[in-house]
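Visitor: I am new to this structure and would like a guided look. Could we start with the charged side chains?

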Amino acid sequence: DPMGEHEHRCFSEAMGESVESLERFSLLYGVPDPETLANYQAVLIGGSGDYNARLDEPWLHDAMAFIRDDVIESGKPTFGVCFGLQMIGRAMGTPVVHDVDHREVGTFEVHTTEAVRDCPLFGDLPATFLAQQGHNDRLVATPKGTIKLCENETVPVQAFAVEGRPA
């Protein structure tokens, strides 16, 4: 999976960590057991070129339950991008829709909300910034129990934080 390897390298570079220090785990083949999860300092959920968060597949339902009930509820720092953001949102009860009329492929302006000021991860972002994006799907709303951090005119939910959790 060349894109998965590229994303793995990008995560490690952005975090200032070696590629070897970030363990990759595919949720397609199951979820980590609680003992394995306890050994992780954080969970990063990346994008997906071949799958979408709209699927009605057993592996996706298992992955969403794991993310919601084990990862986020444990207080484990969690960060999802693209498919990861949509999967977290759906796990928290918000539908994901296929919306090619609002697709974003390329570089797009994104705006921060007032809530971003209190976010340790996004708090230093300017009011408007450019972001690379590539998606045909979107969340229909900000999930219940979350705070919207970023938006734009095309896709209103660009980033959110889970209230009371480092996610």
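Guide: The side chains of K148 and E151 meet in a salt bridge, at 3.2 Å from N to O. A salt bridge here is a side-chain nitrogen of Lys or Arg within 4 Å of a carboxyl oxygen of Asp or Glu. Before we continue, please note that this is a predicted model: local features need pLDDT of at least 70, side-chain atom pairs count only at pLDDT 80 or more, and totals for chains, interfaces and linings use all residues. Residues are numbered from 1 along each chain as its sequence is written, and side-chain values use heavy atoms, with hydrogens and water left out.

Visitor: Is K148 buried, exposed or partly exposed?

Guide: K148 is partly exposed, at 24% relative accessibility. E151 is partly exposed as well, with a relative accessible area of 29%. Buried means under 20% relative accessible area, exposed means over 50%, and partly exposed lies in between, using a 1.4 Å probe and protein chains only.

Visitor: How many salt bridges are there by this rule?

Guide: The count comes to 6 salt bridges. Among them is the one between R68 and D69, at 3.0 Å from N to O. R68 is partly exposed at 31%, and D69 is partly exposed at 44%.

Visitor: What about R117 and E114?

Guide: Their side chains also meet in a salt bridge, at 3.1 Å from N to O. R117 is exposed, with a relative accessible area of 61%, and E114 is exposed at 59%.

Visitor: Back to E151. Which residue is its bridge partner in the sheet?

Guide: E151, in β7, is the bridge partner of H111. Strands β4 and β7 pair in the antiparallel sense over 2 bridges. Two strands pair if DSSP finds at least two bridges between them. Strands (E, at least two residues) and helices (H or I, at least four) are DSSP runs, numbered from the N terminus.

Visitor: In what order do the strands of that sheet lie?

Guide: The 4 strands form an open sheet in the order β5-β4-β7-β8, with antiparallel pairing. β5 (128-135) and β8 (159-162) stand at the edges, each with a single partner strand, so one side of each is left without a neighbour in the sheet. Neighbouring strands are turned by 40 degrees against each other on average, direction ignored. For that angle, axes are lines fitted to C-alpha atoms, for helices over the stretch in contact, and angles run from 0 to 180 degrees between N-to-C directions.

Visitor: How many bridges join β4 to β5?

Guide: Strand β4 (residues 104-112) is joined to β5 by 8 bridges, and the two run antiparallel. In β5, Q133 is the bridge partner of G106.

Visitor: How many residues of α4 are buried?

Guide: In α4, 9 of its 9 residues are buried. R90 is one of the buried residues there, and the helix covers residues 83-91. Just after α4, G93 takes a positive phi of about 100 degrees.

Visitor: Which residues is R90 in contact with?

Guide: Leaving aside neighbours within four places in sequence, R90 is in contact with A53, R54, L55, L60, H61, M64, V96 and L139. Contact means heavy atoms within 4.5 Å.
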